[in-house]
Amino acid sequence: MRLDDRLEALLARMTLEEKIGQLGIFADMLRPFAADVNPEMNELNAGELREQIRAGRVGAVFNGVGAVQGRESQRIAVEESRLGIPLLMGADVIHGMRTVFPIPLGEAASFEPELAERTARAAAIEATASGLHWTFAPTLDIARDQRWGRVAEAAGEDVVLGNAFAAARVRGFQGSDLTANDSMLATPKHFAGYGAVMGGLDYNSVEMSEGTLRDVHLPPFKAALDAGALTVMSAFNDINGVPASAHDGLLTGLLRGEWGFKGFVVSDYTADFELVAHGFAGDEREATKLSFTAGVDMSMQSGLYAAHLPDLVASGEVPMDVIDQGVRRVLAVKQAIGLFDNPYRSLDPEVEAALDPQALHFDLARDAARRSIVLLKNDDDLLPLRKSGQKLALIGPYARDRDNIEGCWTLFGDTRLHVNLEDGLRAALEDGDALDVVDGSGMEDAIDGGIDAAVEAARKADVVLLAIGEPQGYSGEAQSRTRIVVPAAQQALADAVAATGTPVVVLLRHGRALALHGAVRDAQAILATWFLGTATGTAVADVLFGDYNPSARLPVSFPRDSGQQPLYYNRQRTGRPELPTMSEFKSRWREMPHSALYPFGHGLSYTRFVYGDVELSSDGASADTLDWDGTLTVSVTLRNDGSRFGEEVVQLYIHDRVGSRVRPIRELKDFRKVALAPGEHTTVSFTLRRDQLAFTTRSGAFAAEPGLFDVWIAPDSEAGTAAQFTLARA
Ligand code: NOJ
């Protein structure tokens, strides 16, 4: 890689110390924000950081906020450092900045990647106004074990859904012109395999076949890079014994070699230093060498590169060429966003002061939130509720709560904008005073007289709205759980309230799929509301009262019990599947079926959609063969048989009957959200091509194998009747 003449000339003038400066990123102590998010390591105080910038020893800063101080830091870099190389300013802007959008897992439930593109764009507009150039998002870890707390941060258990959201979020953050003031660099993370930490325990090891890595965990990264991402974050975990942040096979062989990635890799927070704790490096010097030479260009926060690269270069263990290559990559990305020509881009205090997130993005936050709510259950059409003439009791620790609205990964949310459940529901009701609100319980502990007050309110009400679930601190980084259930105190509240006999609508708060038990599972209606962000109360009211007809679907399977984890719909076939006809020597649990309570793709609507039979055609004629280089059209007639306008997520699944490696039971291949008026019908068609059937075969090639396939167009991953087609040999 060669830069243009101007940057090559700059590189030629740089001392080794200045070069290494470009290879480090440090917490932005000049405008610190939530400094307690990460463990301390090499924390520079504001004065020291200023000195380091002046000396050209810092190329990037992160998790600070504010255009005024950011501009001052940039001024020091540009005007007071010897070479005037501008700083890159990064932060974790994961699901919103001032305006908070649903957690990424919740937003994936919308099955609308274009929605994620819009919320990422909005986050970029707000973040760049506050002096940021770069976000450490999107998180692209495919997560199939709900015990892992970081399930909340990504798009769930499916690859095709993950790919679509990965690309959409990158497009949204980066916009159409990287040099624009409101464009924000995206960082696909955590590369790679982090979503498969064993047992769902965060930071744990990953053991996985090359085929699973390539077919399941890598595709969202490829999709994000194809969408234009220029930086990648290396993960904490090891894969098959090699830490991802020292994995030359992944970071150099695959990422740069096979995929041709031209941007730079930043380590996760102190991941280079952690090679010592992994026992992969004997000391910090060796950790530096292993991480840097494997392909981690920029070290986050550990300070290891600054401490040890000079000596490693002097000893010849790290050639200057390799240093230059890393520096070129960093400078190229700075140039790509226009920093050399416009170092004060995204650092205009007037733009920051003029930004009104409420006016700009509340409507989007509301739409994103209601499009993320999944109607899991609705016995006897209890929902939607009327806005008057019914006595409602809003019961539970989330009823008035304002501290569990955002979800796990926000640093900069403006809590003044947030609408809690009570306020959202009162505003929607014709007589807001008709809503009785009782906490009933704390998040984790019972409160004195709480259950008695709740039971009394439930008795007086026509319908109970039970706002329960896991607090936001239960999901996110380092928040693995052994039992993925509603906390005991809240479960007791639910059981007591349900015993009154008043119908219950559960408004579930959660950062993962939960195992629902007792009165929570058996409630008449259940809304999966994740963490919806700023417009929580408004969006829940929209759905409860039918102003919005729910259209979201589960991006993760809800198990029957915690002990089923990992449970995901696209699991591989076994030799002894659980079928009613087999003896007990089958792949089963003693206590319950080996299936989801609510499978991937599930979600109800207030209207009723009816699917016709799957029809296969090619060139307009009925067909049961997909030619090697041809296409097959898979269609279904969809009718809205109910009395309301609604949107249905139509899902295309396949199953490869025989493979050289055991194939999944079903695999999503495409999906589309279709809107229909009452009584209206339409034909929904998907086009299948051979490449959609490809996987990493036994020989290691990525290829489709000829033979028989099942195909469904269905409302979820367990529903529908399959048709069959054959992939013909070439
Ligand atoms: C650690 C997390 O794993 C990563 O997602 C985040 O971007 C960094 N900390 C920086 O805050």
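Modeller: Let's begin in the loop between α7 and α8, where His-190 lies. This is a predicted model, and in it the peptide bond from Lys-189 to His-190 is cis.

Biologist: How do you know that the bond from Lys-189 to His-190 is cis?

Modeller: Its omega is near 0 degrees. The bond from Leu-383 to Pro-384 is also cis, again with omega near 0 degrees. Pro-384 sits in the loop between β10 (374–378) and β11 (392–395).

Biologist: What makes Thr-270 worth a look, given its phi?

Modeller: Thr-270 has a phi near 60 degrees, a positive value in a residue other than glycine. Most residues other than glycine have a negative phi. Thr-270 belongs to the loop between β8 (264–267) and α11 (274–278). Ser-346 is not a glycine either, and has a positive phi of about 60 degrees. You will find Ser-346 in the loop between α14 (320–336) and α15 (349–354).

Biologist: Are Thr-270 and Ser-346 buried or exposed, and how do you know?

Modeller: Buried means under 20% relative accessible area. Thr-270 has 5%, so it is buried. Ser-346 has 7%, so it is buried as well.

Biologist: Why is Ala-129 called buried?

Modeller: The reasoning is the same cut-off again: under 20% counts as buried, and Ala-129 has 3% relative accessibility, so it qualifies. Ala-129 is part of helix α6 (residues 113–129).

Biologist: Which residues does Ala-129 touch, leaving out those up to four places away in sequence?

Modeller: They are Ala-67, Asp-348, Val-351, Glu-352 and Leu-355. A contact here means heavy atoms within 4.5 Å.

Biologist: What makes helix α21 (residues 536–544) largely enclosed?

Modeller: Count its buried residues: nine of the nine are buried, so the rest of the structure largely encloses the helix. They run from Thr-536, Gly-537 and Thr-538 through Ala-539, Val-540 and Ala-541 to Asp-542, Val-543 and Leu-544. Just after α21, Gly-546 takes a positive phi of about 80 degrees.

Biologist: Which way do the residues of β11 point?

Modeller: Leu-392 and Leu-394 point one way, Ala-393 and Ile-395 point the other way, and all are buried.

Biologist: How do you know that β11 and strand β12 (residues 435–438) are paired?

Modeller: Pairing needs at least two bridges. β11 and β12 have four, in the parallel sense, so they pair. Within β12, Asp-436 is the bridge partner of Ala-393.

Biologist: And what makes β21 (residues 646–656) and β26 (residues 707–714) a pair?

Modeller: At least two bridges are required, and these strands have six, in the antiparallel sense, so they pass too. His-655 stands opposite Asp-710 in β26. Both strands belong to an open sheet of five with the order β19-β27-β26-β21-β22 and mixed pairing.

Biologist: Why are β19 (625–626) and β22 (667–676) said to stand at the edges?

Modeller: Each has a single partner strand, so one side of each is left without a neighbour in the sheet.

Biologist: How do you know that the largest pocket lies between domain 1 and domain 3?

Modeller: Look at who supplies the lining: domain 1 (5–13 + 91–352) and domain 3 (609–727) both give residues to it, so the pocket lies between them. Its volume is about 1200 Å³. It is lined by 47 residues, with Val-159, Asp-215, Val-216, His-217 and Pro-219 nearest its centre. The lining divides into 22 nonpolar, eleven polar and 14 charged residues.

Biologist: What lines the second largest pocket?

Modeller: It has 21 lining residues, and Arg-571, Pro-577, Glu-578, His-594 and Ile-665 lie nearest its centre. The lining comprises nine nonpolar, seven polar and five charged residues, and the space inside is about 640 Å³.

Methods. Residues are numbered from 1 along each chain as its sequence is written. This is a predicted model: local features need pLDDT of at least 70, side-chain atom pairs count only at pLDDT 80 or more; totals for chains, interfaces and linings use all residues. Side-chain values use heavy atoms; hydrogens and water are left out. Helices (H or I, at least four residues) and strands (E, at least two) are DSSP runs, numbered from the N terminus. Buried means under 20% relative accessible area, exposed over 50%, partly exposed in between (1.4 Å probe, protein chains only). On a 1 Å grid over the protein atoms alone, a cavity is a set of points where a 1.4 Å probe fits but cannot get out, and a pocket is an open set with protein on both sides within 12 Å along at least five of seven lines; lining residues have an atom within 4 Å of a point. Grid points are joined across faces, edges and corners, and a volume is the space filled by probe spheres set on the points. Ala, Val, Leu, Ile, Met, Phe, Trp, Tyr, Cys and Pro count as nonpolar, Asp, Glu, Lys and Arg as charged, and the others, Gly among them, as polar. Domain bounds come from an automatic or database domain assignment.
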